[in-house]
Amino acid sequence: MSSTLSHLDKLENQSIFIIREAYSQFRDVAILWSIGKDSTCLLWLVRKAFFGQIPFPALHIDTGYKFKEIYEFRDKYAKEWNLELLVARNEEAIAAGMGPDKSKFNCCNELKTVALKQAIAKHGFKALYLGIRRDEHGIRAKERVFSPRDEDFEWDYKNQPPELWDQYKTKAAEEEHIRVHPLLGWREIDVWQYVQKENIPVTSLYFAKNGKRFRSIGCETCCGPIDSDADTIDKIVDELKTTRISERSGRAQDKESDYMMQKLRSLGYM
């Protein structure tokens with residue numbers, strides 16, 4: 001019977017298994033929702049895993065520099081999907097004037113990583129679901145599906161548990177925090193084909209306008225569009241079959257250096 005399943009069916013089944021397995025182990029959890037295509041796809045899968053309900057909060061890390069389309073999409077679908085939406089901001093850093101002009105590393109670390117750590121500590125989350133994929137960035141290829149962090153929520157990328165034959169280390173030590181990555185084995189084109197198949201809403205930023213579109217979205221100050229005429233999902237899928245441009249080529253923090261991204265992630269960045 002499994003041989004009749006499509007590639008997307010198999011990915012969906014595996015992700016739903018991971019989502020349910022994590023929830024069976026950890027009840028103090030949340031899903032990190034950036035409002036991007038991957039985390040929105042993951043949110044959709046969580047709804048399917050729990051029969052239309054999401055039994056834990058959706059956490060949005062708000063830097064204050066997001067596109068207005070992101071805020072509009074977040075508020076619309078948080079209401080439509082009846083989400084328990086939590087918005088986390090590093091108010092102290094924002095009040096002190098932290099922004100992209102203080103260097104991309106400092107800005108990302110203070111407004112994203114520290115804000116995330118504050119939210120985890122405040123709400124006592126034992127685990128977080130994230131919609132990251134291995135193919136998105138070389139540093140993320142080092143991740144595990146169940147990825148432990150220490151008591152400071154920091155990631156030791158040199159000491160990750162083995163995951164062989166879909167056997168996951170789902171137990172956590174008392175002081176550990178777990179990041180759960182149900183989309184880790186998906187590709188960018190898989191996400192778009194699944195969005196198309198399931199008719200999942202995504203923000204308009206992904207669709208070409210005046211010959212430009214965004215492939216990866218985040219803060220408006222640090223994201224640049226690519227040249228593209230792909231104004232429908234069909235055209236996006238066709239574009240991905242031939243493009244040689246990396247998905248995060250428009251993200252400023254990725255251009256700094258791979259070491260910077262690895263350092264950010266070791267400190268707890270998404």
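A residue counts as buried when its relative accessible area is under 20%. In this predicted model, Val 180 has a relative accessibility of 1% and therefore counts as buried. Val 180 belongs to strand β6, which covers residues 177–180. Beyond its neighbours within four places in sequence, Val 180 is in contact with Ile 18, Ala 22, Ala 127, Leu 128, Tyr 129, Leu 130, Val 145 and Phe 146. The C-alpha atoms of Val 180 and Val 29 are 9.9 Å apart in space, although the two residues are separated by 151 residues in sequence.

For the protein chain as a whole, nine helices and eight strands were assigned. Of its 270 residues, 56% count as buried. Among contacts between residues at least 6 apart in sequence, 74% join residues at least 24 apart.

Helix α6 spans residues 188–198. Eight of the eleven residues of α6 are buried, so the helix is largely enclosed by the rest of the structure. The buried residues are Glu 188, Ile 189, Asp 190, Val 191, Trp 192, Tyr 194, Val 195 and Glu 198. They pack against three other helices, namely α1, α2 (37–49) and α7 (233–240). Just after α6, Asn 199 takes a positive phi of about 60°.

The axes of the two helices are 11 Å apart and meet at an angle of about 95°. An angle of 65 to 115 degrees counts as roughly perpendicular, and α1 and α6 are therefore roughly perpendicular to each other. On the α1 side, the contact is formed by His 7, Leu 8, Asp 9, Leu 11 and Glu 12, which meet Asp 190, Gln 193, Tyr 194, Lys 197 and Glu 198 of α6. By class, this contact between α1 and α6 has five charged, three nonpolar and two polar residues.

Aromatic rings were considered next. A pair of aromatic rings is described by the distance of the centres and the angle of the planes. Ring centres within 6.5 Å make a pair, and planes over 60 degrees apart make that pair edge-to-face. By this rule there are eleven aromatic pairs. In one of them, Phe 50 and Phe 56 have ring centres 6.2 Å apart and planes at 90°, so the pair is edge-to-face. Phe 50 is buried, with a relative accessible area of 17%, and Phe 56 is also buried, at 3% relative accessibility. The rings of Trp 192 and Phe 207 likewise form an edge-to-face pair, because their centres are 6.2 Å apart and their planes stand at 65°. Trp 192 lies in α6 and Phe 207 in the loop between α6 and β7 (212–213), so this pair ties together parts that are 15 residues apart in sequence. Trp 192 is buried, with a relative accessible area of 0%.

Ring pairs also link Phe 50 and Phe 56 with Tyr 23 and Tyr 129 into a cluster. Over the ring of Tyr 23 sits the charged end of Arg 27, 4.3 Å from the ring centre. A further charged end, that of Arg 47, sits over the ring of Trp 44, 5.3 Å from its centre.

Terms used: Residues are numbered from 1 along each chain as its sequence is written. This is a predicted model: local features need pLDDT of at least 70, side-chain atom pairs count only at pLDDT 80 or more; totals for chains, interfaces and linings use all residues. Side-chain values use heavy atoms; hydrogens and water are left out. Rings of Phe, Tyr and Trp (its six-membered ring) pair if their centres lie within 6.5 Å; planes under 30 degrees apart count as stacked, over 60 as edge-to-face and the rest as tilted. Buried means under 20% relative accessible area, exposed over 50%, partly exposed in between (1.4 Å probe, protein chains only). Helices (H or I, at least four residues) and strands (E, at least two) are DSSP runs, numbered from the N terminus. A charge sits over a ring if NZ of Lys or CZ of Arg is within 6 Å of the ring centre and within 35 degrees of the ring normal. Axes are lines fitted to C-alpha atoms, for helices over the stretch in contact, and angles run from 0 to 180 degrees between N-to-C directions. Angles under 35 degrees count as roughly parallel, over 145 as roughly antiparallel, 65 to 115 as roughly perpendicular and the rest as oblique. Contact means heavy atoms within 4.5 Å. Ala, Val, Leu, Ile, Met, Phe, Trp, Tyr, Cys and Pro count as nonpolar, Asp, Glu, Lys and Arg as charged, and the others, Gly among them, as polar.
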